[in-house]
Structure formats: C-alpha cells, structure tokens
Amino acid sequence: MADPKGFLKYQRKDNPMRPIMQRVKDFDALELDVSMEERRKQAARCMNCGIPFCHHGVFYGGGRAVSGCPNDNLIPEWNDLVYRAEDKRAFERLSRSNMLPDMTGRVCPAPCEVSCVQALNGPGVTIRNNEKYIIEQAFKNGWVIASGKPLQRTGKKVAVIGSGPAGISAAWRLNQLGHSVTIFERDDRFGGFLMYGIPNMKLPKTVVQRRIETLKQVGIELVANTEVGKDISADELKRQFDRVIVCTGARQARELQVPGRELGGIVQAVDFLKTATQTVLKDGTQANTQLKGKRVLVLGGGDTGNDCIATAIRQGCAGVTQLEITPALPPKRPAGNQWPEWPMTLKTGYGQKEAKALFGGDVTTYAATVTAFFGEHGQVSEAEISQVDHFKPIAGTEKKVKVDLVVLAMGFTGPEADVFDAFGITAKNANFTTNDTQIYVAGDCRRGPSLVIWGIHEGRMCAEKVDASLQTLASEAL
C-alpha cells in the first residue's frame with residue numbers, strides 16, 4: 001500500500017448525514033460528501049493486511065449469508081489508487097466487476113466494511129463512500145461512457161427483460177462484449193427497484209436517470225411500457241433475439257392474511273414507495289402534505305420498512321408506528337456471530353431516528369404483528385396488535401390502535417410467474433441457464449430477494465455465460 005501506516009494516522013470519517021430536522025423537510029439526498037483531501041485520507045486507511053476479507057464473498061450460516069463483497073470487487077486495489085490520486089485507474093479497477101457503483105455507493109449495506117480486517121478492533125474502511133467518490137469522478141470526467149463501448153459488434157442480439165440492477169449489469173457487460181442489447185421494461189421508467197423501490201432521499205432519481213442515459217449512449221436500446229405476454233409475446237422475442245435474459249426481480253410481495261385486509265388504506269410498500277417517487281418526479285423534492293394528520297402503521301422492520309417511515313414523515317404524517325414480527329436483536333454480537341460475519345446486532349435506521357426525533361419514544365415494537373383490521377365505510381381505522389411467540393400471536397396481548405394508513409413492508413416471497421410461464425420455464429439453474437437453451441435468468445428472480453450488489457453480480461456472471469454460448473453459436477455457424 002502507498003501508506004502502510006494510514007490506518008494508524010487517520011480515524012474513520014463517514015460521509016455525514018444532513019441534520020434530521022433539516023432533511024425531513026424534503027426528499028433530497030440524505031448524505032453529504034467529505035472533501036477530496038479527506039477522501040484520500042480515508043482511502044489511505046486501507047492497510048496492507050495480507051489476506052483481505054473485504055473483497056471476496058465467503059458464505060456462512062448454511063449458505064444463507066455472506067461476509068465480504070459477493071461481487072468480488074477489487075477493493076484494496078482501488079482504495080490504494082484513490083490514495084495515490086490515480087482516480088481513473090481506480091475507476092478502471094472498480095468497473096471491472098461493478099457495473100453500478102453509482103448505486104451501491106449510495107445504498108449498499110456494505111458487508112465488505114464489517115469484514116474489513118480493521119473491523120476486528122475498530123471501524124473498518126469507508127469502502128462504500130470511497131466507491132461513490134470514484135464513480136462520481138468517472139462521470140465528471142467522461143470515463144463511464146468510454147468504458148461501456150465495445151471495440152466491435154458481433155452481430156448477435158440479446159433481449160434483457162427487466163431494467164433493475166441485474167438487467168442493467170447484464171446489458172452493460174454484453175454490450176461491452178459487442179452484442180446488440182435491448183432492455184424491455186414494463187414500467188414507464190427504467191431502473192426497476194432503483195427507480196421505484198428506493199426513495200429519492202436514499203437514491204436520487206437523477207442518479208438513476210443519469211445511468212439510464214448512459215445505457216443509451218453506449219448503444220443499448222431501451223423499450224418501456226412493454227410487458228412480455230401482453231405487449232410482446234415470448235415467441236416473438238425468441239424469433240427476434242439470439243438469447244433472452246429474464247431479470248424481472250422478486251416482486252411478489254408477502255401478504256398478511258387477517259380479517260379486514262380488504263379494507264381501503266392498506267397498501268403494499270412497493271406501491272406506496274412507487275407512488276411517492278412518482279410524486280417527487282412530478283412535483284419536485286420538497287416535502288408535501290399527502291399524509292397530513294394521518295396515523296401510519298408500518299409492518300416490517302427491514303430497510304424497506306425504514307424507507308416507508310421516512311417517506312411518510314416527508315408526506316406530513318401525524319405519527320408512525322412500526323411492527324417487526326421477530327424479536328429485537330442483541331446490542332452486541334452473540335458468541336456464534338464473530339468477525340468477519342455480518343454483525344447480528346440491533347441497529348436503528350435513518351427513518352426510525354427521524355420518527356423518534358419528531359414524535360418521541362421508540363417507533364418500533366418487536367415480536368409483534370397485526371391480527372385484525374377494522375374500519376368504517378370501507379376504510380381502515382383501527383388495527384388489532386398482538387405480541388407473538390415464534391411468529392404465533394399470544395392470546396391476551398391484543399390491543400387496538402387508531403390508524404389511517406397501513407403499509408405492508410414484510411418482504412417478498414419470490415418472482416412473479418407470468419414471464420416464466422410465457423416462456424415455459426420450469427427450471428432455473430445455478431449457472432443461469434433454464435430448461436430452454438435460448439432463455440437465461442439472473443438476479444432476484446433466480447436466487448430470491450437480495451441486495452443490489454447481488455443483482456449486479458448475477459447480471460455480470462450471466463452475461464459472461466450468455467457470451468460463451470453465443471461464441472459457440474457463432475463457431476457452429478462457420
């Protein structure tokens with residue numbers, strides 16, 4: 001490393017968050033940036049640790065969890081280059097594996113940082129913030145477009161269905177390899193959950209749109225408002241393209257089957273967040289009064305639940321309550337959860353912090369769920385809440401609370417079946433192939449609901465697999 005003692009000289013300094021009472025007044029970005037000088041110091045904290053655990057994903061917990069970066073990003077290399085002020089070379093290293101650092105640099109929970117060797121005895125390196133710096137320098141200096149253009153075209157055509165992280169990554173890599181790529185998206189805007197599933201203050205839509213414009217500039221064709229099986233048939237896609245990659249995500253939201261679920265005012269988180277983003281895109285980023293005087297109940301304690309809390313606050317709600325069906329995690333690592341694993345400890349999200357600052361008290365109740373809804377004139381007005389034990393309601397713990405809006409943020413069960421049915425897909429294999437040799441699958445619709453970085457990894461690896469099959473196809477035609 002350029003400065004092997006950097007981790008001793010400099011303390012960790014994260015990109016600061018805007019003050020709560022300031023940021024709740026708008027949907028603008030939560031984070032601010034540190035100076036370039038400070039960024040280089042933070043990169044210098046990446047030490048010559050011998051065996052870096054940050055840049056390689058290691059599975060644990062029966063293969064259900066991963067420590068380090070699942071995308072095998074070359075983290076120590078580009079940290080060193082940032083310290084040396086060789087930002088273009090840092091981007092070249094970063095973009096070898098990560099096609100969307102503009103997204104992960106903002107929304108990734110950064111398992112790489114907690115598996116950093118420094119995290120054994122203190123805070124790890126600010127890898128996510130460093131990553132964001134690199135990609136912003138790349139856009140500023142025009143390096144991104146140049147990195148995405150192919151040297152020559154192969155004459156092969158690939159359709160990508162879905163424009164989320166997996167779809168964009170697959171399309172970007174295939175385009176680099178010279179194939180002609182068309183992305184089909186059923187929504188009116190591209191980006192999948194990057195556009196409509198993550199609120200603007202966490203991932204500004206100008207950032208997403210900038211990436212979409214870059215796709216066009218490197219030669220990728222984009223087709224919106226097009227759903228397979230309705231607007232275009234599976235057979236037509238197979239006729240027009242040599243290969244098809246399905247990257248539709250895992251958008252089948254988990255339901256709550258309790259009495260009163262049919263009442264108005266009970267919505268899925270994905271619909272709530274999409275509508276909120278559409279309002280921001282139409283009217284601007286200032287806070288609004290859509291939920292003025294409304295009492296909001298959010299079911300689900302994950303990142304999406306936090307996003308819903310923060311969104312409701314910016315829409316002027318009178319109060320918000322969050323229920324999480326699992327027990328609260330411990331404040332410190334349990335004995336069986338040691339470094340470099342992700343720490344299974346209690347964390348307070350940005351939305352929870354905002355709710356506490358505005359309304360007082362802890363917003364989240366753990367080991368609790370809703371057992372029934374009640375309403376007037378078809379609209380929800382009360383929810384019956386119960387404590388749970390092993391996900392089962394405990395008799396005698398029920399209580400009723402007044403609610404005007406209920407947001408179901410309980411996660412997703414898997415992909416919607418329509419596209420797979422249209423293609424007759426019955427097998428989704430580990431190597432991205434299916435029972436149809438022309439159809440491939442990548443991202444959450446293959447492996448299940450997961451992180452943006454997993455989608456990027458899946459898209460990239462699937463693209464390599466498709467490229468190999470197209471080379472075989474070309475050789476057979478000779």
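A residue counts as buried when its relative accessible area is under 20%, and as exposed when that area is over 50%. Please keep in mind that this is a predicted model.

**A helix with a buried side**

With that cut-off in hand, let us look at helix 5, which spans residues 87–94. Its buried residues are Asp 87, Ala 90, Phe 91, Arg 93 and Leu 94. They lie on the same side of helix 5, because they cover an arc of only 160 degrees around the axis. What do the buried residues of helix 5 pack against? Their partners are helix 3 (36–44), helix 4, helix 6 (101–107), helix 8 (127–141) and helix 9 (143–148).

Next comes strand 16, residues 405–408. Leu 405 and Val 407 point one way from this strand, while Val 406 and Leu 408 point the other way. Are these four residues buried or exposed? All of them are buried. In a regular strand, side chains alternate between the two faces of the sheet.

| Strand paired with strand 16 | Direction | Bridges |
|---|---|---|
| Strand 8 (residues 266–268) | parallel | 3 bridges |
| Strand 9 (residues 295–299) | parallel | 4 bridges |

Within these pairings, Gln 268 has Leu 408 of strand 16 as its bridge partner, and Val 298 stands opposite Val 407.

**Some backbone details**

Most residues other than glycine have a negative phi, and most peptide bonds are trans. Asp 72 has a positive phi, near 55 degrees. You can find Asp 72 in the loop between strand 2 (65–67) and helix 4 (75–83), and this residue is partly exposed, with a relative accessible area of 32%. Asn 225 also has a positive phi near 55 degrees, and sits in the loop between strand 5 (221–223) and helix 13 (234–240).

Where is the cis peptide bond with omega near 10 degrees? This bond runs from Trp 339 to Pro 340. Pro 340 belongs to the loop between strand 10 (319–324) and helix 16 (350–359).

An unreviewed UniProt entry places the feature "domain: FAD/NAD(P)-binding" at residues 156–329. In the model, this span is 36% helix and 19% strand, and its end C-alpha atoms lie 51 Å apart.

Key:
Residues numbered from 1 in each chain as written. Predicted model: local features only at pLDDT ≥ 70, side-chain atom pairs only at ≥ 80, totals over all residues. Heavy atoms only, no water. UniProt positions renumbered as here; feature names shortened; annotations may be inferred. Helix = DSSP H or I, 4+ residues; strand = E, 2+ residues; numbered from the N terminus. Buried < 20%, exposed > 50% of the residue type's maximum accessible area, 1.4 Å probe, protein only. Arc of directions from axis to C-beta. Contact = heavy atoms within 4.5 Å. Pairing = 2+ DSSP bridges.
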